[in-house]
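Here is a short tour of one protein chain, written for someone who likes to know the cut-offs behind each word. Have the viewer open and follow along.

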Amino acid sequence: MQKITAKRVFIVVIGVFSLLMVGCAGMERKSANRGGPFYYHAELVQADRALDEARRAGKDKECPAEFNALKDRVDEAYKVYMACHTQEAIDMANEATRKIKALCPATPKAEMKPEPKPMAPAAKTEPKAMERVIVLEDVHFDHDKSTLTKEAQMILKKHIQVLKENPTVKIRIQGNTSASGTDAYNQKLSERRAASVKAFLVKEGGISSGRLSTIGYGETKLEKPEPNPMDKESAAAKTNRRVIFTIMVE
């Protein structure tokens, strides 16, 4: 009887050892600096690997705020995973991996062309009226809203007067969101915010819709980094929930 029991214990030990050495389907061995079990779902390990690659590329120094925010996001995914919310943790890890790989985008360099030599001294001319600086203040929105606040409407009424005084000016209305929420949802929300501003300028100010174009950027052009996207009322989140304007002069 003792021999049979010892044999069963030996088989169990071999099984556990094999699991630790090989892992399960869809699982990968944890990164060296990650505590807990030996194996996690591959998506979480890949998020750690993306962080390591970004760190080796110097992105933790190039854009530290964004890097640290994403590192916290990966750590949070592991906590969710250990709380047995596996699919939610996998989704968080996948989103973090994608954003880590897009960290610190390179700024395209403008092509420098040699200036042509003037054939004759240019005559001095008075500056054109459209060369004066026109600044349109940003308008901000409440969380998850595309309706205009009273403050936003007051700002837009000032913009209407500027546009009436400069009838050749066209503007691009650019919608933005904070970092909370999915990419797809934030894209649609930013488009709704831009459309809401355009509708007000047309309806309340009589500005021709042909002078106004809209575009939504979702959360891709944050004015301020959000280390904790779950804090929906942080100062950074309030700043990022905005519509900004680009002046287009013909």
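Which residues of α2 are buried? They are Ala 42, Leu 44, Val 45, Ala 47, Asp 48, Ala 50, Leu 51 and Ala 54, where buried means under 20% relative accessible area, exposed over 50% and partly exposed in between (1.4 Å probe, protein chains only). Before going further, please note that this is a predicted model, in which local features need pLDDT of at least 70 and side-chain atom pairs count only at pLDDT 80 or more, while totals for chains, interfaces and linings use all residues. Residues are numbered from 1 along each chain as its sequence is written, and side-chain values use heavy atoms, with hydrogens and water left out.

**The chain as a whole**

The protein chain holds 8 helices and 6 strands; these are DSSP runs (helices H or I, at least four residues; strands E, at least two), numbered from the N terminus. Along the sequence they follow the pattern α-β-β-α-α-α-α-β-α-β-α-β-α-β. Of the 250 residues, 33% count as buried. Among contacts (heavy atoms within 4.5 Å) between residues at least 6 apart in sequence, 67% join residues at least 24 apart.

**Helix α2 and its partners**

Back to α2, which covers residues 42-56. Its 15 residues reach 21 Å from first C-alpha to last, close to the expected 21 Å at 1.5 Å a residue; the expected span is 1.5 Å times one less than the number of residues. After this helix comes Gly 58, with a positive phi near 80°. The buried residues of α2 pack against β1 (27-29), β2 (39-41), α3 (59-62), α4 (64-82) and α5 (86-101).

How do the helix axes cross?

| Helix pair | Axes come within | Crossing angle |
|---|---|---|
| α2 and α4 | 10 Å | roughly 160° |
| α4 and α5 | 8 Å | roughly 165° |
| α2 and α5 | 8 Å | roughly 20° |

With axes crossing at roughly 160°, α2 is therefore roughly antiparallel to α4, a label for angles over 145 degrees, whereas those under 35 count as roughly parallel, 65 to 115 as roughly perpendicular and the rest as oblique. On the α2 side this contact includes Leu 44, Val 45 and Asp 48, and on the α4 side Phe 67, Lys 71 and Val 74 are among the residues involved.

For α4 and α5, the angle of roughly 165° makes the pair roughly antiparallel. Among the residues in contact are Leu 70, Arg 73 and Val 74 of α4, with Thr 86, Glu 88 and Ala 89 of α5.

The angle of roughly 20° between α2 and α5 makes that pair roughly parallel. Here Glu 43, Leu 44, Gln 46, Ala 47, Ala 50, Leu 51 and Ala 54 in α2 meet Ala 89, Ile 90, Ala 93, Asn 94, Thr 97 and Ile 100 in α5.

**Two residues further along**

Asn 176 sits in the loop between β4 (169-175) and α7 (183-205). Is Asn 176 buried or exposed? Asn 176 is buried, because its relative accessible area is 1%. Its side chain reaches the backbone oxygen of Gln 174 at 3.2 Å. Leaving aside residues up to four places away in sequence, Asn 176 touches several others, including Ser 190, Arg 193, Tyr 217 and Asn 240.

Ala 199 lies in helix α7 and is partly exposed, with a relative accessible area of 43%. Its C-alpha is separated by 9.7 Å from that of Leu 212, 13 residues apart along the chain.

How values were computed
Polar contact = N/O pair within 3.5 Å; in protein donor to acceptor, adjacent residues only side chain to side chain. Axes fitted to C-alpha atoms, helices over the stretch in contact; angles between N-to-C directions.
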